[in-house]
Amino acid sequence: QVQLVESGGGLVQARGSLRLSCAASGRTFSTYPMGWFRQAPGKEREFVAAISWSGGNTNYTDSVKGRFTISRDSAKNTVYLRMNSLKPEDTAVYYCAARVAPLGSAYYTGVNEYDYWGQGTQVTVSS
C-alpha cells in the first residue's frame with residue numbers, strides 16, 4: 001500500500017512561484033514512476049508532469065514547459081513540482097500519483113496509468 005500526501009499549495013499572484021511536495025510512504029517509493037496532475041472546476045483531470053523512477057526522464061504538458069519542474073528525492077520519499085511564472089489558468093487542485101511498474105526509464109502521462117493518488121492541494125493564481 002502506498003500513501004501520498006501533497007502540500008505546498010496556496011494563493012499566489014500571477015507571475016509568482018510555488019513548490020508543491022508529495023510525501024510518499026512505502027519502502028519501494030524509489031522504484032515508482034511519479035506524476036503530477038491537476039483538475040480545475042468543471043474540467044477533467046489533466047496531466048501536468050511526470051518523472052521516471054530514476055529521475056532521469058521527465059515529461060511536461062505543453063502549457064507548463066519552461067515554467068514547471070518536476071524532481072524527486074528518493075532519500076526523502078518525496079517528489080516536487082516547482083512552479084514558476086504562474087498564470088491564472090494554472091488554478092486547480094493538484095494531485096500527485098504513483099505507478100507500480102517494473103524498473104525502467106519510462107514515465108507515464110495518462111490518468112489511468114497510475115495506481116495511487118494523493119488527496120490534492122489547491123493552487124489559486126490571482127490576476
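This report describes strands, one arginine and the nonpolar cores of a predicted model.

## Basis of the model

Residues are numbered from 1 along each chain as its sequence is written, and side-chain values use heavy atoms, with hydrogens and water left out. In this predicted model, local features need pLDDT of at least 70 and side-chain atom pairs count only at pLDDT 80 or more, while totals for chains, interfaces and linings use all residues.

## Strands and their pairing

Strands here are DSSP runs (E, at least two residues), numbered from the N terminus. Strand β1 covers residues 4-7. Leu4 and Glu6 are on its covered face, whereas Val5 and Ser7 are on the uncovered one. Strand β3 (residues 18-24) pairs with β1 in the antiparallel sense, over 4 bridges; two strands count as paired if DSSP finds at least two bridges between them. Ser7 has Ser21 of β3 as its bridge partner.

Strand β7 (residues 68-73) also has alternating side chains. Phe68, Ile70 and Arg72 point to one face and are buried (under 20% relative accessible area; exposed is over 50%, partly exposed in between, with a 1.4 Å probe and protein chains only). β7 runs antiparallel to strand β8 (residues 78-83), and 6 bridges join them. In β8, Val79 stands opposite Arg72. The two strands form a hairpin with 4 residues between them, and Asn77 in the turn has a positive phi of about 50 degrees.

## Arg38

Arg38 lies in strand β4 (residues 34-39). Arg38 is buried, with a relative accessible area of 5%. Its side chain makes polar contacts with the side chains of Glu46 (2.7 Å) and Asp90 (2.9 Å). A polar contact is a pair of N or O atoms within 3.5 Å; within protein, one must be able to donate a hydrogen and the other to accept it, and residues adjacent in sequence count only if both atoms are side-chain atoms.

Not counting residues up to four places away in sequence, Arg38 touches several others, including Val48, Phe68 and Tyr94. Contact means heavy atoms within 4.5 Å.

## Nonpolar cores

A nonpolar core is a set of buried Ala, Val, Leu, Ile, Met, Phe, Trp, Tyr and Cys residues joined through side-chain atoms within 4.5 Å. The largest has 30 residues, of which Met34, Trp36, Leu81, Met83 and Tyr94 touch the most other members. At least two residues of this core come from each of β3, β4, β5 (46-51), β7, β8, β9 (92-98) and β11 (121-126). Apart from this core lies another, of 7 residues, among them Phe37, Ala50, Tyr108 and Tyr114.
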